[in-house]
2 protein chains.
Amino acid sequence: MRLMSVVRKGAPRRAPRLSGGVDFAEPSRAIPTDRILIGDCVEQLASLPPHSVDMVFADPPYNLQLQGELKRPDDSRVDAVDDAWDQFESFEAYDAFTRAWLLAVKRVMKPNATIWVIGSYHNIFRVGALMQDLGFWILNDVVWRKSNPMPNFRGRRFTNAHETMIWAARDPGAKGYQFNYEALKGGNEDVQVRSDWLLPICTGGERLKDAQGRKLHPTQKPEALLARVMLSASKPGDVVLDPFLGSGTSAAVAKRLRRHFVGVERDETYAAAAAARIDAIEPLPEAALVAPPSAREAPRVAFSALVDSGLVTPGLELTDAKGHVRAVVRADGTIALVNAATLAVGSIHRMGALAQGAEACNGWTFWHVEQEGRRHPIDVLRARLRAEMGIRSEE
Amino acid sequence: MRLMSVVRKGAPRRAPRLSGGVDFAEPSRAIPTDRILIGDCVEQLASLPPHSVDMVFADPPYNLQLQGELKRPDDSRVDAVDDAWDQFESFEAYDAFTRAWLLAVKRVMKPNATIWVIGSYHNIFRVGALMQDLGFWILNDVVWRKSNPMPNFRGRRFTNAHETMIWAARDPGAKGYQFNYEALKGGNEDVQVRSDWLLPICTGGERLKDAQGRKLHPTQKPEALLARVMLSASKPGDVVLDPFLGSGTSAAVAKRLRRHFVGVERDETYAAAAAARIDAIEPLPEAALVAPPSAREAPRVAFSALVDSGLVTPGLELTDAKGHVRAVVRADGTIALVNAATLAVGSIHRMGALAQGAEACNGWTFWHVEQEGRRHPIDVLRARLRAEMGIRSEE
DNA sequence: AAACCGCTTGAATCCAAAC
DNA sequence: CGTTTGGATTCAAGCGGTT
C-alpha cells in the first residue's frame with residue numbers, strides 16, 4: 001500500500017484530503033491518490049497526468065426524465081430522483097455531456113485499464129453507443145439484478161429490477177487488462193462467474209443519512225456491488241478512478257480492498273460526507289487479498305454469496321471439525337490456508353482437500369466456524385442464506 | 001382467428017404463402033397476414049399499409065464485421081480518438097441500417113403498438129440509442145438470463161449469460177399499449193413479473209437442423225422466450241410483425257398463441273424452413289388463451305346503480321373497516337359523513353378521502369356494510385350487481 | 001428471548017374514462 | 001382539447017415496538 005501510506009503518513013485517522021486541483025506537494029506527474037477532487041469532473045481530470053489509472057468506475061447521471069409525482073397504492077409519495085444534476089435539456093445535451101467525460105476519463109486511463117459504467121435503460125444505451133464511438137472496446141455488459149427492487153406501483157410495466165454495467169477496455173484489441181478469472185471462479189464454486197449478478201440495493205445501516213435522518217444521496221450504490229467490480233478487474237495497489245464519486249462507495253470499497261482511489265465530486269456536501277465515510281474504513285488484512293489462486297473443481301452455490309451477504313466476513317477464520325486445520329476467508333470468496341508451508345489459496349473445496357491430503361473434499365461440511373463457543377459447519381450458513389434469499393430469487 | 005382463416009381457407013394444411021410483395025387478393029389496405037414476405041425488410045414493409053400491426057418483435061443481425069480492422073496492433077498515441085475513425089465508419093453503416101428498418105417498422109405500427117428488439121452488447125446500445133432518437137418510448141429493458149449459456153472458453157471475460165430486449169412504445173406518452181399485467185402476475189405466484197427472465201437457450205428437438213444435421217440458423221431463439229413476449233404484450237387476434245424472421249420462431253409462436261403474423265426474411269432457405277415449421281404448428285385451444293377478466297377492464301358500475309338496483313337502500317349506514325368512521329347513503333348515490341363538523345356530502349371516493357385526510361381513496365374498498373353481524377366492503381355488493389348484469393346481458 | 005406486527009422506503013420515464 | 005373524477009395499484013427489507 002505504497003501510495004495509500006503517503007496520504008495516511010503522520011495522520012493515520014484523518015479524512016481524505018479535499019482539493020480543488022492538483023496537489024503540488026505530490027511528485028510531478030504522479031497522480032494524487034486517496035483524495036477527493038472537488039469540481040466538474042472534466043476540468044478536474046484535465047489536471048491529472050495521462051495514463052495514470054488502472055480502473056474506472058463511473059455512475060453518471062441517468063437522465064431519468066420523470067414526469068409528475070408517483071404514489072404508492074397506500075397513497076404515500078415516492079421520493080423521486082428530481083435533483084438538478086439529473087436534468088438535461090435533450091438527448092443531444094446528454095450525449096455531449098457523456099462524450100466529454102468519457103474522453104476526459106479515457107485520457108487518464110493506462111493502456112490496459114478498464115472502465116465500468118453503470119446505468120439504466122434511460123441512459124445506458126446512449127452511453128454504450130458513445131463508448132463504442134469513442135473507441136472503447138466492450139468486454140461484457142453485466143446485469144445487476146436487484147433482490148429487493150422498488151415495485152411497479154401502477155402495474156403498467158415489468159418491475160424495473162436491474163441495472164446494467166458496461167465493462168470495457170480502453171482500446172480495441174486490448175489483451176493485458178486485469179481480470180481475476182481464477183479467483184472469481186474459485187469463489188463461485190469453481191464455476192465461471194456469469195454476466196448477471198444478484199445483489200440487494202443499499203439500505204439499512206450502510207445507507208448514509210443527513211442530519212435530519214434522510215438519505216444523504218438519492219442513488220447510493222451498495223458496497224457489495226463495487227467490491228465485486230474491483231475484485232474482478234483490479235488488484236491491490238491499483239488506482240481506481242470514480243469521476244462521479246457521490247457518497248463515496250467506490251472509494252470506501254477501494255480503501256477496504258487496498259486499492260488507491262481518485263474521486264471527483266462536484267457537490268461539496270457529498271464530498272465531505274464521502275471523506276468522513278472513507279476515513280472510517282479499515283483496510284482488510286493483506287492476507288485476505290493477496291495472490292490469485294489457480295484452481296479447478298466441481299459442485300454448486302457460491303461461497304462468495306455468503307461473503308456478499310455479510311453472513312461471512314473477509315478475515316473470518318475457518319477450521320476443520322476438530323480445530324486442527326485453519327484457514328482465512330478472503331474478500332473474493334476464496335480461502336487461504338494459515339499453516340501451509342507455501343501460500344495456498346483457492347476454493348473451500350480445494351483447500352479442504354489440500355489440508356487433508358485428499359483428492360477431493362466437500363468444503364461445506366469440512367470447514368467450520370466458531371459461534372458462541374461452538375463449531376458449526378459452514379453448510380448451515382449456506383442453508384441460512386438460501387432461506388433468506390427465498391426460492392424465487394435465485395432459480 | 002378471422003384473418004388466419006383467410007389464408008388457410010381451402011388449403012387448411014398447406015404452408016404459409018410466400019410472396020414478393022402485396023397480395024392483391026387481400027382487401028385493399030388490409031395487411032396480408034400469416035405469410036412470409038421474402039426480401040429486404042425495408043422494401044417489403046414499404047408495401048404494407050400504415051398503422052396495421054399490434055406488436056413487433058425484431059431480432060436484427062449484428063455481424064458488424066469489425067474484427068479484422070480492429071485487431072491491428074495497439075499504437076501508442078496519447079489520444080486514441082483518431083483510432084475510432086475506421087470503426088466509426090463501420091458503426092455508421094450499422095446505424096444507417098438500423099435507422100432504416102426502425103423507421104420502416106414504425107410506420108406500420110398502430111399508435112398503441114409496442115416493439116421488442118433483442119440484442120447483445122455488440123449492437124443493443126446502438127439500437128437502443130437510435131430507438132430513442134427516432135421517438136420510440138422505452139417501457140422496459142428486459143434481460144433474458146440464459147440458464148445454460150455458452151461458457152467463455154478463454155477465461156478472459158465473464159460468461160456472457162444474457163441478452164437484452166428493449167420493449168418500447170411507438171411514441172412518447174403512449175398509454176393504451178397492451179400489457180397483460182394481471183395474467184402475468186397470476187402466473188408468477190401472484191408477484192408482479194420482473195425485468196429479468198430466466199429461460200434456457202434453444203437446443204434439442206426445437207432447434208431446426210439442415211439436411212446435414214447442422215443447425216439451420218445460428219441464432220434461433222427459444223419459443224418459450226417469444227411466448228413470454230407475446231403473452232405479455234399482445235392478445236389473441238393481434239397482428240405480430242417480425243422484420244427478421246429467420247427460422248420463424250416468432251411466427252410459430254404467434255400461430256400457436258392464435259396471433260396473426262407477418263414475417264419478412266431475405267434468405268429463401270430460412271424462409272422455406274420457417275414456412276414448413278409454421279405449417280406444422282397447431283394453435284392452442286382458445287380456452288387456453290382467453291384473457292381472464294381483469295379488474296381494470298371490468299365495466300364501470302356507479303354506486304348509484306347499487307341504490308337503483310335495491311342492493312343498497314337510502315339511509316343505510318357505511319363505516320370504515322374498523323367501524324370508526326360512519327356515513328349514510330343518500331338517495332342520489334352520494335353519501336354523507338355522520339360525524340363531520342360541517343355537512344359533508346359527496347361520492348364514496350371523495351368522502352373516503354375526506355374521512356382519512358387523504359388526497360384520494362377507493363371508496364369501494366374503504367367503505368363497509370354490516371350484514372349478519374360481519375362487515376363486508378361494499379365492493380362485494382358491486383361484484384354481485386356485476387354478476388346479475390352479466391347474466392341479464394347474455395339473455 | 002423469539003416471534004410478530006406495523007411502518008417506512010427504494011434511480012420510476014407508472015391510469016383512463018368522462019365531462 | 002384540457003380538466004375532473006372514478007377508482008386501481010406494491011415487493012422485499014430493515015427497523016422499532018409489542019406480544
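Modeller: A residue is called buried when its relative accessible area is under 20%, exposed when it is over 50%, and partly exposed in between, with a 1.4 Å probe and protein chains only. By that rule, 57% of the 395 residues of chain A count as buried. This is a predicted model, in which local features need pLDDT of at least 70 and side-chain atom pairs count only at pLDDT 80 or more, while totals for chains, interfaces and linings use all residues. Residues are numbered from 1 along each chain as its sequence is written, chains are lettered from A and ligands numbered from 1 in the order in which they are written, and side-chain values use heavy atoms, with hydrogens and water left out.

Biologist: How many helices and strands are there in chain A?

Modeller: Helices (H or I, at least four residues) and strands (E, at least two) are DSSP runs, numbered from the N terminus. Chain A has twelve helices and 15 strands.

Biologist: What span should helix 8 of chain A have?

Modeller: The expected span of a helix is 1.5 Å times one less than its number of residues. Helix 8 of chain A (residues 268-279) has twelve residues and should therefore span 16 Å, which agrees with the 16 Å between its end C-alpha atoms. Buried residues of this helix include A:Tyr270, A:Ala271, A:Ala274 and A:Ala275.

Biologist: Which residue caps the N-terminal end of that helix 8 of chain A?

Modeller: A polar contact is a pair of N or O atoms within 3.5 Å; within protein, one must be able to donate a hydrogen and the other to accept it, and residues adjacent in sequence count only if both atoms are side-chain atoms. The cap is A:Asp267, with a side-chain oxygen 2.8 Å from the backbone nitrogen of A:Thr269. In chain B, B:Asp267 caps helix 9, its side-chain oxygen lying 2.7 Å from the backbone nitrogen of B:Thr269.

Biologist: Why is helix 5 of chain B described as largely enclosed?

Modeller: Nine of the ten residues of this helix (residues 124-133) are buried, so the rest of the structure largely encloses it. Among them are B:Phe125, B:Arg126 and B:Met131. Just after helix 5 of chain B, B:Gly135 takes a positive phi of about 95°.

Biologist: Which residues other than glycine have a positive phi?

Modeller: Most residues other than glycine have a negative phi. One of the exceptions is A:Asp75, with phi near 75°; A:Asp75 sits in the loop between strand 3 (53-58) and helix 3 (91-108) of chain A. A:Asp75 is partly exposed, at a relative accessible area of 25%. Another is B:Arg258, at about 60°, in the loop between helix 8 (249-256) and strand 9 (260-265) of chain B. B:Arg258 is buried, with a relative accessible area of 16%.

Biologist: Which residues come nearest to DNA strand C?

Modeller: A residue is near a strand if one of its heavy atoms lies within 4 Å of it. Of the 39 residues around DNA strand C, A:Gln65, A:Arg72, A:Tyr121, A:Met150 and A:Arg154 come nearest.
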